[in-house]
Amino acid sequence: MKKKAGLITGISLSLLMLAACTDNAEDADAGADEEADTEETADEGDSDDAAGSDEEAELRVWIMETGSPEEAEDYFDRVTERFNEDYPNVSVDVQFIPWLSAHQTLVTSIAGGSAPDISELGTTWNPEFAAMGALADMDDIVADWGMEDGWVDALEEVATYDETLFGVPWYAGVRQLVYNTELFEEAGVDVPETYDDLWEVGEAIINNTDAYAYPAVGISQHFVLPKIWHFGGELAVQEENDDGEMVWVSQVDQPEAVEAVEFYTDMYKEGFVPDGALNWSVLDTRQAFAQEDLAMTIDLPPGINAMINENPDLEDKIGVAPLPGNDSNASFVGGSNLALFEQSQNKELAAEYLKLLVSDEFITEWADFTGFFPGTIDGLNDPMFSEDETLSVFSDALVEGRSYPASPSWGRFEGENLFVAPIQEIMQGSKTAQEAMDDVAERMNNAFSTE
C-alpha cells in the first residue's frame with residue numbers, strides 16, 4: 001500500500017514529556033482541570049473541629065511531577081498561603097514525585113508507616129490502595145463540604161470501593177476524535193458518527209488521499225477498550241458469588257466485546273494504518289498525525305497542542321468531534337484523584353487543605369495549568385470549558401464518560417500490559433479475537449478471585 005515515507009522517524013521531547021503527564025495519569029491510562037468568591041468557598045461546610053484552629057502541625061502532601069515544576073510550586077505556595085490564613089501554625093510540605101516511581105513509593109511508605117497525609121493518585125490506583133486499607137473514608141468529609149453530588153461520575157465511581165468514598169476527583173481527561181479537515185475534504189467525507197460510518201470514511205481516505213486513516217495500533221488500550229462499550233459490551237461486571245459476596249467477573253470474552261475487538265483489529269488488517277503500527281503507541285500516533293500521514297486520531301487536548309507545536313500548519317486543519325459509536329460512544333475518563341491516608345495523624349487539617357484544592361478557587365486553575373479538566377461538575381461548567389468550541393466537546397464527553405472497573409486488580413492489568421499482546425496476536429493472525437479474549441478473560445478472573 002502507498003503512503004508517505006519517513007513516517008515516525010523520532011519522538012520529540014515534548015511528546016515524551018506529554019506522555020509522562022498524560023498517559024501515566026490515564027495509561028497508566030493519564031491522564032486532564034472557576035472563579036468563585038474566596039470567602040464563600042472557605043466558609044462553606046467548614047469542619048467545626050478544625051476551622052480556624054491555632055493547632056501546630058505539619059502536613060505532608062505528595063503531588064506528581066509536572067512539566068513546569070516552578071509554576072506547580074508557585075501554585076501550591078498560594079494554596080498553602082490561603083490555608084495558613086485559617087491555620088497559621090500548620091506547615092505544609094508539598095513534595096513532587098515522579099509518576100513512574102510513584103506507585104512503588106506509595107506502597108513502600110504505607111508499609112513503613114510513613115504515608116503522606118494527602119497524595120495524588122492515578123484513578124486506577126484508587127481501588128487498589130482502598131482495598132489495602134491505606135485510605136481514609138471520605139463520605140462524612142464530603143458530606144460536610146456539601147459536595148456529595150458535585151463530582152464527575154466516572155471519577156467518583158473509581159474512587160468508591162465497597163460503597164465507600166476513598167478519594168475525591170481532582171482533574172480529568174478524556175479522548176475524542178481528532179481529524180484533519182483538509183484530508184477529509186480531499187477524501188470527500190464527513191465526520192463519522194457510527195462504526196459503519198467510520199469504516200466507510202476510512203476506506204475513502206486510504207483510497208483517495210496519501211494518508212492513512214485511523215489509529216488501529218497495537219499498543220494503546222485506551223483506543224480499543226472503550227469500543228467494547230460502544231458495541232454494547234462490558235469489560236467486567238460485579239456478580240454475587242456462592243458466599244453472597246460481590247465479585248468482579250470479566251466480560252471481554254462475550255460476543256459484543258469480541259465483535260468490538262474484531263472491528264478494531266480488522267482496521268489494522270485492512271491497512272487503515274501501516275504494518276509497523278503493530279508496535280505503535282499513542283506517541284507514534286501523534287507523530288503520524290502531526291506529519292499529516294494520519295487523517296484521524298484519538299487524543300486529549302494536551303495531545304492536540306503537542307501536535308500543533310510539532311507542525312504549526314495543522315492549527316487551522318484540526319477538527320474535534322465525539323467518538324463514533326453504536327450502542328454508546330462513551331469515552332474512558334482518566335485522571336487523578338486526591339486521597340487522605342489512614343496513617344495521617346492530622347486528618348481534620350488534611351481534609352481542610354484538600355477542600356481548598358478542590359474548591360472553585362483552585363481546582364479550575366490547576367486543570368488549566370495541566371491542560372486537563374476539573375473533576376467537579378461546577379468546574380466543568382466554567383465558561384473556559386463550556387463556551388469553548390473545542391474544549392466543550394471534551395467537557396461534554398467527561399460528563400457522559402466512563403471509568404474502567406473499580407477493581408483493585410485493574411492497576412496491575414495496566415502495569416502488566418494485559419491487553420497489548422492479545423490485540424497484537426489478533427492483528428498478526430496468530431489467534432482469533434475469540435481465542436485471544438478467552439485468554440484475557442481467564443487472566444482477569446484469576447486476578448479477581450484473589451481480591
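Reader: How many aromatic pairs does the structure hold?

Author: This is a predicted model, in which local features need pLDDT of at least 70 and side-chain atom pairs count only at pLDDT 80 or more, while totals for chains, interfaces and linings use all residues. Residues are numbered from 1 along each chain as its sequence is written, and side-chain values use heavy atoms, with hydrogens and water left out. Rings of Phe, Tyr and Trp (its six-membered ring) pair if their centres lie within 6.5 Å, and planes under 30 degrees apart count as stacked, over 60 as edge-to-face and the rest as tilted. On that basis, the number of aromatic pairs in the structure is 28.

Reader: What is the angle between the planes of tyrosine 404 and tryptophan 410?

Author: The rings of tyrosine 404 and tryptophan 410 are 5.2 Å apart, centre to centre, and form a tilted pair. Both residues are buried, a term that means under 20% relative accessible area with a 1.4 Å probe, protein chains only. The angle between their planes is 35 degrees.

Reader: Which helix holds phenylalanine 448, the partner of phenylalanine 413?

Author: Phenylalanine 413 and phenylalanine 448 pair edge-to-face, at 5.6 Å centre to centre and 65 degrees between the planes. Helices here are DSSP runs (H or I, at least four residues), numbered from the N terminus. The pair links distant parts of the chain, 35 residues apart, with phenylalanine 413 in helix H19 (residues 410-415) and phenylalanine 448 in helix H21 (residues 433-448).

Notes. Buried means under 20% relative accessible area, exposed over 50%, partly exposed in between (1.4 Å probe, protein chains only). Helices (H or I, at least four residues) and strands (E, at least two) are DSSP runs, numbered from the N terminus.
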